[in-house]
Amino acid sequence: MTNAYPPAAPPPPPQPGYPAAAGAISPKSRLVATLLSFFLGGLGIDRFYLGNIGMGVAKLLVGWLTLGIWPLVDFIFIVAGQAHDGQGLPVADWQTN
């Protein structure tokens, strides 16, 4: 007996902001992101490094209005391993690639 259904189409390419594959991690260094967030987080440099350009610009322009809370929260997220890069991949590796 033959299959009456046509073959399945290949999955679509990953969209920006969504993980490319389950279990994939970002090539960005968590250590570098942590140091940038600690020293230059108020300027949004950590967001630029991670590839979140829009959030980096927003943090640069209005981050000071939060009286340092936004940079502190970003720092905690990066240290805790909850940050994601511009492709939606988790920044989990402490080593540089």
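Let's begin with H3, residues 53–62, and H4: their axes come within 10 Å and cross at roughly 145°. By axes I mean lines fitted to C-alpha atoms, for helices over the stretch in contact, with angles running from 0 to 180 degrees between N-to-C directions. Helices here are DSSP runs of H or I with at least four residues, strands are E runs of at least two, and both are numbered from the N terminus.

Who touches whom? From H3 we have Met55, Ala58, Lys59 and Val62, and from H4 Trp70, Pro71 and Asp74; contact means heavy atoms within 4.5 Å. That H3 with H4 contact divides into five nonpolar residues, no polar ones and two charged. For the classes, Ala, Val, Leu, Ile, Met, Phe, Trp, Tyr, Cys and Pro are nonpolar, Asp, Glu, Lys and Arg are charged, and the others, Gly among them, are polar.

Quick word on provenance: this is a predicted model, so local features need pLDDT of at least 70 and side-chain atom pairs count only at pLDDT 80 or more, while totals for chains, interfaces and linings use all residues. Residues are numbered from 1 along each chain as its sequence is written, and side-chain values use heavy atoms, with hydrogens and water left out.

Now the other pair. H1, residues 30–40, packs on H4, residues 69–80, at about 165°, with the axes 9 Å apart. So the two are roughly antiparallel, a label for angles over 145 degrees. On the H1 side, the contact uses Arg30, Ala33, Thr34, Ser37 and Phe38, and on the H4 side Pro71, Asp74, Phe75, Ile78, Val79 and Ala80. By class, that's seven nonpolar, two polar and two charged residues.

Zooming out, what is the pattern along the protein chain? Read along the sequence, it's α-α-α-α, with four helices and zero strands. Of the 97 residues, 27% are buried, meaning under 20% relative accessible area with a 1.4 Å probe, protein chains only. Among contacts between residues at least 6 apart in sequence, 61% join residues at least 24 apart.

Last stop, the segment after H4, where Gln95 lies. Is Gln95 buried or exposed? Gln95 counts as exposed because its relative accessibility is 55%, and the cut-off for exposed is over 50%. Gln95 and Val32 are 63 residues apart in sequence, yet 8.8 Å apart in space, C-alpha to C-alpha.

Notes. Parallel < 35°, antiparallel > 145°, perpendicular 65-115°, else oblique.
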